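Good morning. I will go through one protein chain, starting with the overall picture and then moving to single elements. Please have the sequence and the structure open.

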Amino acid sequence: MPRVSVIIPTHNQAHFIQATIASVLDQTYSDFEIIIVNDASTDETLKTIAALRDTRIQVFSLEHNQGESAATNYAIHQARGEFVAILHSDDLWASDKLQKQVEFLEKNPQFGAVLTRVQVIDEKSDILPENSHLLQRLFLQPNRTRFQWLHYFFTKDNGLCQTSTMIRRECYDTVGFYDVRFRQIPDFDFWVRFCQHYDLYIVPEYLTQYRVHQSNISGICSETIIRHTTEVFQILKHYRSAAVYKHLFQIFPELLECYPTLNNTSLESSQALFLLANQALKVSRPTHQLFGLEILYQLLRQPNIATQLEKNYGFNYQTLAQFAGAYDIFGLQLDPLIKNHGTKPSVKHPSGLPLVSLIIPTYNGEKFITIACESAIAQTYSNLEIIISDDGSTDQTLERVEAFKVRSGIPLKIFKHANYGLVKNLNFCVEQAQGKYIKFLFQDDLLEPECITKMVDLAEKDDEVGLVFSPREVFIHSDSTPYPLCQAAYQGAKDIHQDWSELKPIQSGQTLLCDPQWLVGRLNKIGEPTTVLIPKFVFETLGGFDPELHQLLDVDFWFRILGNYKVGFINQSLSKLRIHTGQQTQKNISDQENLKDYQRLYQKMLDSPEYNFLTPELKQIVFRKLLVKSQDLRPLTLQLLDQYHRKANPLALENLRQLRLQVAGKWLNASVDTLESLYQSSLKEVHQMLIQSSLQVELLTGSERQLVNQLTQRLNQGIHTSHHLKALLAVMLYQPACQINLNYQNAIIPGYFFQDFLNYLWDSSPWIIGSNLQQWIQFNRGLLKYLHTNLELAHCTDSHLDFWHHVVAVFTKVSNTPAWNSDNYSAKKSQELLQDLFNDRAQFLQLNT
């Protein structure tokens with residue numbers, strides 16, 4: 001029996017199905033069967049399939065069109081394989097897709113399914129440019145546990161590509177098949193059920209190509225959007241299951257942060273349902289809000305449960321009534337009749353304006369929090385919710401916030417939790433937000449009254465705007481004026497928007513990335529989170545702030561937004577940034593965390609798929625910035641050399657050239673007093689790694705050739721001073737001694753460098769000899785003559801005899817390597833060239849034995 005059953009449901013795909021089947025027949029793994037179910041096609045699909053003659057292909061036809069789910073289920077019932085791989089009849093696989101997936105499932109029995117990364121192609125099978133289609137970002141998912149996937153499915157949507165899937169056949173017996181009632185997202189429905197029982201894994205390789213064309217069933221139009229929404233509401237019902245209740249806190253760990261006294265062992269089904277309803281209401285989608293309200297109505301139908309909920313959570317019939325009036329699930333506020341009669345929901349939201357979530361993360365901010373909150377409620381924009389998330393303050397911050405809440409006419413939520421740190425607290429706040437837009441306000445900053453009004457007005461003009469920002473006024477708090485760090489921060493923060501070459505009210509973020517000033521001078525040319533407004537869908541698409549970053553978390557997120565969206569700019573100061581000694585920024589500078597963050601960010605920009613939007617030219621700029629900021633170049637050098645030798649990165653050679661230039665510059669710019677300590681630092685290891693690689697065999701660029709010529713001209717005078725030594729260290733990185741015909745006679749070499757100097761003179765690496773055989777021979781014959789002369793002189797005068805014996809010992813060791821074996825040079829010409837050198841060596845070694 002075949003090991004893998006490839007399932008291909010099809011309906012009217014005659015134009016694409018031949019290429020689809022061919023991509024299966026071309027697999028490096030051959031133990032498979034292909035089961036094609038023709039879902040009552042009316043075009044030439046069957047005729048096209050029949051032209052492909054292969055005994056592994058089985059074709060079944062349905063009499064009436066029943067939809068993809070029915071066709072897929074029919075095929076699975078016929079399947080004999082241990083593994084089931086589903087392929088849509090317009091998509092393609094890489095030739096090693098099945099092999100890699102089978103190998104993974106064999107080695108990892110704990111996983112029920114394995115998927116792959118996905119490229120999006122057009123009708124001509126051309127790969128679409130990066131970031132040109134929303135599915136490219138949707139399918140670029142990290143690996144998660146099954147509980148994390150259930151959280152993702154609940155709060156966002158489906159992010160998995162079915163046509164990249166291989167599933168253990170036994171999983172269908174547990175989970176069930178695809179629900180034939182769903183025409184739009186049957187795979188989403190399946191994954192929600194699947195992850196309640198099994199883990200899945202995404203192979204981080206692009207082994208699947210998903211085709212977009214006009215007849216896609218998932219194409220965007222009013223019908224598919226409506227159907228999708230309706231089916232999502234039905235899929236949410238799967239979360240009302242014992243499997244979810246049992247692992248509720250693993251799926252929604254934020255629940256324990258809001259209700260720390262709860263635990264899995266004491267959780268009753270009614271409690272789980274209540275918490276699930278609250279999670280649903282946090283998601284700003286009508287489907288989820290209706291799902292949450294429906295659960296609450298059902299719970300309060302039972303008097304005993306209603307009593308428990310009021311006792312444990314303060315939730316009662318009156319609260320339910322408020323919720324029912326606050327969530328405009330059916331968009332009734334937009335109905336002209338309701339508008340004309342002035343009917344409003346119980347929550348004070350003006351009709352027609354999108355909700356903005358104003359987020360205020362706090363930590364020991366008693367000194368400034370009240371005035372920050374005052375600037376929040378003074379906004380001219382009234383459709384707000386305020387979310388204050390306290391990160392374990394130990395001062396009076398919470399008391400000040402609670403007192404403020406009593407006076408606020410704006411819905412205000414206060415979250416109290418243990419200390420997360422700034423990044424996690426920010427991401428936590430965003431998860432709680434229900435607004436269309438996220439507006440940040442740090443506890444020590446202020447907003448001008450028209451800030452949100454103006455920012456929302458600009459954001460609403462273009463759906464592709466991913467960020468709106470404006471200048472801000474910078475001031476130093478009176479208590480912090482005397483401190484140099486605060487003064488420096490003030491100077492460094494002023495007028496950062498002026499660092500851009502040109503800013504327009506709305507422009508492509510990619511345009512700003514191509515600005516010559518992008519990475520010149522101050523890195524953050526947009527500002528702190530207080531200065532921006534961001535649509536929430538941006539967080540849902542790109543993810544949140546990176547917890548690996550401390551100082552540049554905002555810069556990283558701004559860059560990722562620039563790479564994917566348009567940017568809005570309002571040329572008016574709409575916020576105020578307060579500089580003071582208690583800021584985390586000042587602490588990061590003191591702890592040198594800011595320098596480490598530059599290295600982390602630049603490395604991420606080079607390696608992370610999140611920065612695939614950067615062109616090779618932009619990545620070169622980033623790499624040069626990384627070189628400048630890196631205090632220890634060893635990890636970077638190892639990484640680049642590995643990529644270079646494996647040809648895993650087309651930019652590796654160019655990056656190595658930049659790295660080599662950086663190291664050469666360090667030698668050339670070193671002071672005489674620091675040269676020895678610099679050579680004994682980690683830079684020596686980097687220096688030797690570059691020399692021992694095969695980088696010297698690469699042709700020099702024009703600028704490299706010019707540098708080497710300048711250095712060799714300096715060295716032609718001999719090596720007598722520290723300036724000569726610095727030139728020698730630099731030129732060693734580019735060419736072997738034989739190729740520059742190094743003037744070594746009477747060289748003055750310090751002890752800490754002498755052994756490495758000898759190794760450089762007698763370097764017999766294969767790539768050096770192979771490309772410079774004649775030069776190598778002539779250079780080494782000259783060395784032998786020079787060595788012989790000085791050794792005889794030392795014997796006669798008894799001067800420096802030990803020194804020359806040491807040199808001879810080094811040469812003896814080197815000349816016994818395979819490079820000095822004539823058998824390795826079979827060509828007649830090579831033998832003739834080498835014979836004299838080998839004779840010189842033999843006579844010299846015999847003389848000095």
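The chain has 40 helices and 19 strands. Both are DSSP runs, numbered from the N terminus: helices are H or I with at least four residues, and strands are E with at least two. This is a predicted model, in which local features need pLDDT of at least 70, side-chain atom pairs count only at pLDDT 80 or more, and totals for chains, interfaces and linings use all residues. Residues are numbered from 1 along each chain as its sequence is written, and side-chain values use heavy atoms, with hydrogens and water left out.

First, confidence. pLDDT is the predictor's confidence in each residue, from 0 to 100. The chain averages 87, and 90% of the residues score at least 70. Over residues 334-351, pLDDT stays under 50. For that stretch the model has 24 contacts beyond four places in sequence, where a contact means heavy atoms within 4.5 Å.

Next, the chain as a whole. Along its principal axes, the C-alpha trace spans about 115 × 85 × 50 Å. Of the 849 residues, 54% are buried. Buried means under 20% relative accessible area, exposed means over 50%, and partly exposed is in between, with a 1.4 Å probe and protein chains only. Among contacts with a separation of 6 or more, 75% are between residues 24 or more positions apart.

As for charge, there are 76 positive and 89 negative side chains, and the centres of the two sets lie 1 Å apart. Lys and Arg count as positive, Asp and Glu as negative, while His and the chain ends are not counted. The place of a charge is taken as NZ of Lys, CZ of Arg, CG of Asp or CD of Glu.

Now the sheet. In what order do the eight strands of the open sheet lie? The order is β3-β2-β1-β4-β7-β6-β8-β5, with mixed pairing. The edge strands are β3 (57-61) and β5 (92-93), each of which pairs on one side only. Two strands pair if DSSP finds at least two bridges between them.

Within this sheet, β1 (residues 4-10) and β2 are parallel and share seven bridges. Ser5 has Glu33 of β2 as its bridge partner. By contrast, β6 (residues 111-121) and β7 (residues 166-168) run antiparallel and are joined by two bridges. There, Val114 is partnered with Met166 of β7.

Look at β2 again. Seven of the seven residues of this strand (residues 32-38) are buried, so β2 is largely enclosed by the rest of the structure. In a regular strand the side chains alternate between the two faces of the sheet. Here one side holds Phe32, Ile34, Ile36 and Asn38, the other holds Glu33, Ile35 and Val37, and all are buried.

Among the buried residues are Asp554, Asp556 and Arg560, along with Phe557 and Trp558.

Finally, two single residues. Leaving aside neighbours within four places in sequence, Thr72 is in contact with Ile7, Pro9, Ile86 and Tyr178.

Gln234 lies in helix α9 (residues 222-236) and is partly exposed, at 32% relative accessible area. Gln234 and Phe182 are 52 residues apart in sequence, and their C-alpha atoms are 9.4 Å apart in space.
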